[in-house]
Amino acid sequence: MSRNGDLSARGSQAFWGFIKDPIYGYIRLTEIERDIIDTLAVQRLRRIRQLAGAEYVYPAANHTRFEHVLGAMYLAGVVVENLPTHLSSEERQKVRLAALLHDVGHAPFSHLFEPLLVKYLSRNHEEMSSWIIANSKLAEVISAQGLDPKELSALAVGRLSRTDKPFLNQIISSSFDVDKMDFVVRDSYHTGAGYGSVDVFRLIYTMDILDGNLAADITALPTLESLILARLESFKAIYFHRACRAVQMMLLKALDAAKEDLEILKVKTPDEYLEWDDFRVWSRLSTNPESREIIKALSERKLLKCAYERTFFAKDELVTSVFTKQNVRLKLEEEIAIKADIPASDVGIDLPSLPSVPYHYAMQIGPIDIPIFSRMPSGEKVPQKISELSKVVEALRVFMNIIRVYTKEEYRQRVTEAAAKVLGESPLSNVLSY
């Protein structure tokens with residue numbers, strides 16, 4: 001981070017300096033942004049990995065939530081500077097700050113910890129972000145800048161009550177928000193997977209407002225298709241890589257085994273929550289008698305092995321939701337273990353399901369109805385249906401389900417045969433009957 005001794009201003013925003021980013025080059029910061037970046041809530045994100053488990057497959061995938069939120073803030077700034085609508089300098093600053101703060105609620109190991117957050121603290125990471133922004137010491141810094149912490153806490157998760165400007169929410173949380181645009185490109189860069197070659201600026205520079213919602217010009221449709229495809233390919237090559245998922249399953253098992261030793265699951269205040277990061281949790285897991293053997297195995301890269309894999313696509317989200325129910329998974333694990341003649345605890349089923357186009361709007365817009373418009377010679381914007389314009393999007397209107405069965409190395413062949421009998425030879429309807 002460098003200090004810029006020559007402060008300039010855009011509107012009422014005094015620029016303080018810049019940060020060098022490997023994706024976008026130099027990211028300029030205002031004085032307000034500097035003060036908020038220097039809070040514990042944001043600095044803690046340096047110690048929360050973006051892709052917990054991916055480093056076992058892609059050695060350079062050790063980037064953190066900190067780089068990501070800086071990138072999201074930068075892209076949010078580009079969006080608000082280029083939208084053909086009047087936004088005050090204060091509104092532009094709020095959108096940038098919302099993007100900067102959108103992930104402060106992430107728990108250690110990012111999304112991996114999410115089920116425990118919901119189970120023990122009754123909040124997901126977005127709700128944690130709102131809670132932290134409005135109620136931690138971060139709120140004092142925000143207030144000192146003359147801003148409303150509660151307003152920022154809502155905007156940071158795309159839930160600001162502004163019926164006249166819903167697009168402000170959608171810059172942060174929508175089908176092609178700055179969060180998705182940054183993590184697709186950034187995760188591809190750090191893993192080297194090669195699926196993030198998306199010209200996000202082509203998309204941003206064609207954005208406009210259509211009936212109050214963020215929309216893309218039809219001329220940017222190829223770029224939008226590239227973003228959708230890049231995200232799908234990234235899920236398959238990175239997030240759902242069988243070894244990445246093996247690491248995540250082992251970490252989740254360790255977390256569950258040591259849950260009584262994790263005070264993060266019992267916190268009462270945001271500031272208590274912010275004391276926890278990847279390092280502290282890993283240290284606790286490595287010394288807890290219930291989890292240390294799993295951590296030792298991870299330290300030596302002795303991973304669970306995938307014994308069976310089956311992929312299917314379903315148009316109906318109900319099919320996907322049934323497959324992700326815990327009772328279905330436990331019954332299938334038990335049946336496979338019986339056929340393989342091994343303990344049920346040595347069989348693990350992974351059901352990492354996602355919609356191929358997993359986009360949901362802050363407003364009530366269907367997940368596939370990304371606003372697209374064409375512009376008439378008169379300048380009039382005419383709404384278009386993306387499903388009618390793009391065969392790529394239409395082909396991806398399905399939910400991708402990858403069912404994998406994991407076990408120890410010594411049981412791999414037996415579990416492969418047992419899983420094939422339970423899952424491979426049964427009609428889908430029989431499996432769903434659980």
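This is a predicted model: local features need pLDDT of at least 70, side-chain atom pairs count only at pLDDT 80 or more; totals for chains, interfaces and linings use all residues.
Local features were considered at pLDDT of at least 70 and side-chain atom pairs only at pLDDT 80 or more, whereas totals for chains, interfaces and linings use all residues. Residues are numbered from 1 along each chain as its sequence is written, and side-chain values rest on heavy atoms, with hydrogens and water left out.

The protein chain contains 22 helices and 12 strands, both taken as DSSP runs numbered from the N terminus (helices: H or I, at least four residues; strands: E, at least two). Of its 434 residues, 58% are buried; here buried denotes under 20% relative accessible area, exposed over 50%, and partly exposed in between, with a 1.4 Å probe and protein chains only. Among contacts (heavy atoms within 4.5 Å) in the protein chain with a separation of 6 or more, 70% are between residues 24 or more positions apart.

Rolling a probe the size of a water molecule over the atoms shows where empty space is left. Helices α4 (89-101) and α8 (149-155) each contribute at least two of the lining residues, and α4 supplies the largest share, with three residues. Classified by residue type, the lining of the largest cavity comprises four nonpolar, no polar and four charged residues. In this scheme Ala, Val, Leu, Ile, Met, Phe, Trp, Tyr, Cys and Pro are nonpolar, Asp, Glu, Lys and Arg are charged, and the others, Gly among them, are polar.

Aromatic side chains were then compared. A pair of aromatic rings is described by the distance of the centres and the angle of the planes. Rings of Phe, Tyr and Trp (its six-membered ring) are paired if their centres lie within 6.5 Å, and planes under 30 degrees apart are stacked, over 60 edge-to-face and the rest tilted. By this rule, eight aromatic pairs are counted. The ring centres of Phe201 and Tyr205 lie 6.2 Å apart with planes at 35 degrees, and the pair is therefore tilted. Both residues belong to helix α11 (residues 200-205), in which Phe201 and Tyr205 are four residues apart, about one turn of the helix. Phe201 is partly exposed, because its relative accessibility is 23%. Phe235 and Phe240 have ring centres 5.4 Å apart and planes at 65 degrees, so this pair is edge-to-face. Both Phe235 and Phe240 are buried. One aromatic cluster is formed by Tyr24, Tyr74, Phe201 and Tyr205.

Helix α12 (residues 221-239) contains Ser234, and Phe235 is placed in helix α12 as well. Ser234 is buried, with a relative accessible area of 0%, and Phe235 is buried at 14%. Beyond neighbours within four places in sequence, Ser234 contacts Tyr195 and Tyr239. The C-alpha atoms of Phe235 and Tyr195 are separated by 9.9 Å, although these residues are 40 positions apart along the chain.

Charged groups were also located over aromatic faces. A charge is taken to sit over a ring if NZ of Lys or CZ of Arg is within 6 Å of the ring centre and within 35 degrees of the ring normal. Arg28 lies over the face of Phe15, 4.6 Å from the ring centre, and Arg46 over that of Phe66, at 4.0 Å. Arg46 is situated in the loop between α2 (40-43) and α3 (65-82) and is partly exposed, with a relative accessible area of 41%. Excluding residues up to four places away in sequence, Arg46 touches Thr64 and Phe66. Arg46 and Thr64 are 18 residues apart in sequence, with a C-alpha to C-alpha distance of 5.7 Å.

Backbone geometry was considered last. Most residues other than glycine have a negative phi. Ser122 has a positive phi, near 55 degrees, and is found in the loop between α5 (114-121) and α6 (125-135). Ser122 is exposed, with a relative accessible area of 60%. Asp211 also has a positive phi, near 55 degrees, and is located in the loop between β5 (207-210) and β6 (213-217). Asp211 is exposed, with a relative accessible area of 70%.
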